[in-house]
Amino acid sequence: MESSAVRRELRAWPGIIEAYRPYLPVEHGATVVTLGEGGTPLRFAARLSARVGASVFLKLEGMNPTGSFKDRGMALAVTNAKARGSRAVICASTGNTSAAAAAYAGIAGLDAIVVVPRDGVARGKLAQALLYGAKVVAIAGGFDDALRAVRQLASDFGLALVNSVNPDRLEGQKTAAFEIVDQLGDAPTLQVMPVGNAGNITAYWRGYREARDRAAATRLPRLVGVQAEGAAPIVRGSVVEHPTTLASAIRIGKPASWEGALAATRDSGGTMLAVSDAEILEAYRLLAQEESVFCEPASAAAVAGLLRLAVAPSETVVCILTGHGLKDPDTALQAVDGPVPASADPQSIARMAGLS
Ligand code: AN7
């Protein structure tokens, strides 16, 4: 009995820190904080591949424990914050970071304070942060205002800042590149991903370079970052004071990792491009209806970007779908026609369902 229970535990996915410990800066003597993040599926997308004319895979980061890629970085950031003696973490967020911070602080027994824009955080994310037990402060301002405030509060009150300006966040997030290399047997030739605060693209570039340096991969992908047109400071080359896009996760006008994103796209031979909200919605519906993937709008921006590119048939393409569609039910319901009403009798239902 006991030994089979132990064996089952050993077979279970251990989370990113145990899976990739030799490559991560884990504090000496730290107790690992994990919710089982990482190990997400890399799905071949047959119809999207046919449309693009190359092999396209989707990295389903919405399958992480809180429904976004933020869990990877938060696992390491909270593990190390706790090991260094922090009692509380703080972050600014467009929503997903706050959900992850709340969840990981909760399991670690730390307090979490999350500062979010009063308008425009998707409801699923807000519900998560509140239910996991964070102190959620909604400000009259956007993400960039919130980040400025929490940088100061972290320093004034001695709190662990767990935005991606914390190096542990990027170290944790680079593990997604390691996984893709393991899943494909090499790096892709092209990767397309959404960009907001630009931490994730910076982390992926580091992860792919490290994988190549230790000969797990023979090549490096071109990295293409995708911003929303109304929130595209890196494409424009200047700060956007009042960023707008329906993809609230990437409604960011002054990315903290701007330099990292520029280096990633330039050094990899990729680029940074901007797509319209209409293109994001089109890709969002396409993913659901052709691939049965429900991701959030920011994630669909990756596919909107891919649909703009000329891709050679020999390419192996990965799109990073950063967050789950259930995060933002309001945008989903606005993107489609509502349910058709009928009375409860089968004839009425048959008529309204188009059966008769
Ligand atoms: C689904 O939660 O910035 O370029 O505060 O939630 O690394 O910022 C979220 C960002 C893409 C952009 N997709 O990643 C936050 C936050 C989703 C996201 C991004 C975010 P970065």
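Visitor: How many bridges join strand β2 to β10?

Guide: This is a predicted model, where local features need pLDDT of at least 70, side-chain atom pairs count only at pLDDT 80 or more, and totals for chains, interfaces and linings use all residues. Residues are numbered from 1 along each chain as its sequence is written, and side-chain values use heavy atoms, with hydrogens and water left out. Strands are DSSP runs of E, at least two residues, and helices are runs of H or I, at least four, numbered from the N terminus. Strand β2 (residues 55-60) and β10 run parallel, and the number of bridges joining them is 6.

Visitor: Which residue in β10 is the bridge partner of phenylalanine 57?

Guide: Two strands pair if DSSP finds at least two bridges between them. For phenylalanine 57, the partner in β10 is valine 318.

Visitor: Which residue in β10 does valine 192 stand opposite?

Guide: Strand β7 (residues 190-194) also runs parallel to β10, joined by 3 bridges. Opposite valine 192 stands cysteine 319.

Visitor: Of the residues in β10, how many are buried?

Guide: Buried means under 20% relative accessible area (1.4 Å probe, protein chains only). One side carries Thr316, Val318 and Ile320, the other Val317, Cys319 and Leu321, and both faces are covered. For β10 (residues 316-321), the buried count is 6 of 6.

Visitor: What is the angle between helix α4 and helix α5?

Guide: Axes are lines fitted to C-alpha atoms over the stretch in contact, and angles run from 0 to 180 degrees between N-to-C directions. Helix α4 (residues 70-83) and helix α5 (residues 96-108) have axes 9 Å apart, and their packing angle is about 40 degrees.

Note on methods:
Buried means under 20% relative accessible area, exposed over 50%, partly exposed in between (1.4 Å probe, protein chains only).
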